[in-house]
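Subject: Structure handover

Hello,

Here is the structure for you to look over.

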Amino acid sequence: MSNVLTENEAAAVAAFSKMTEDAAKIADQYKAMAKTYEATLKLAEQYKAMLKPIEPMLKWYENQAKIYRGVSDIQESVTSSMKAIMGARGLKQSDLASALGLSASTISQKMTKRVAWTLDDIEKASELFKVNPEALVAGHGFEPWTSGL
């Protein structure tokens, strides 16, 4: 037997050698990824530790956001109520402006939700519309089909 490799054997040895090199590269990449992953976990733990003292403040801000959304919903309800009752009664924004002692521009801004309704606005409007203020906030109690308008 000869120590000379056949062409097929030489190709197989070369392919095996290439696969070994590729496997080594993949192993190196895996090690680098593992180090990055470990560093990321360590960094996440550090961030958690940093956030711990401010968690109560974050919860407070979350609650404030919920309250704000609630206020926004109330403003939406008042605006919808104002539009509905004005339409049902054939009133214009200028009529509402006069009753509330505000300019037509201010009423327009309130109707487009650029300016918020105040409690005083709601009370004066309820007097004009002859409904309870709660009806303007809750959005019920003055519909034509329930109030005889």
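Predicted model: local features only at pLDDT ≥ 70, side-chain atom pairs only at ≥ 80, totals over all residues.

Pocket first. The largest pocket has a volume of about 160 Å³. Twelve residues line it. V71, S72, Q75, K113 and A116 lie nearest its centre. Helix α2, residues 55-89, supplies six residues, the largest share of the lining. By type, the lining residues split into five nonpolar, three polar and four charged.

Next, the surface. L51, I54, M57, L58, W60 and Y61 make a nonpolar patch of about 580 Å². Helix α2 gives the most here too, with four residues. One of the patch members, W60, has its place in helix α2.

Now the backbone. Most residues other than glycine have a negative phi.

- K113 has a positive phi of about 65°. It sits in the loop between α4 (104-111) and α5 (119-129). Its relative accessibility is 45%, so K113 is partly exposed. K113 is also among the residues nearest the centre of the largest pocket.
- K130 has a positive phi of about 60°. Its loop lies between α5 and α6 (133-138). K130 has a relative accessible area of 71% and is therefore exposed, as the cut-off for exposed is over 50%.

Best wishes

Methods. Residues numbered from 1 in each chain as written. Heavy atoms only, no water. 1 Å grid on protein atoms, 1.4 Å probe; cavity = no way out; pocket = protein on both sides within 12 Å on 5 of 7 lines; lining within 4 Å. Points joined across faces, edges and corners; volume = space filled by probe spheres on them. Helix = DSSP H or I, 4+ residues; strand = E, 2+ residues; numbered from the N terminus. Nonpolar A, V, L, I, M, F, W, Y, C, P; charged D, E, K, R; others polar. Patch = residues over 30% accessible without salt bridge, like charges linked within 9 Å, V, L, I, M, F, W, Y side chains within 5 Å. Areas by Shrake-Rupley, 256 points an atom, 1.4 Å probe, with all protein chains shown as cover. Salt bridge = Lys/Arg side-chain N within 4 Å of Asp/Glu carboxyl O. Buried < 20%, exposed > 50% of the residue type's maximum accessible area, 1.4 Å probe, protein only.
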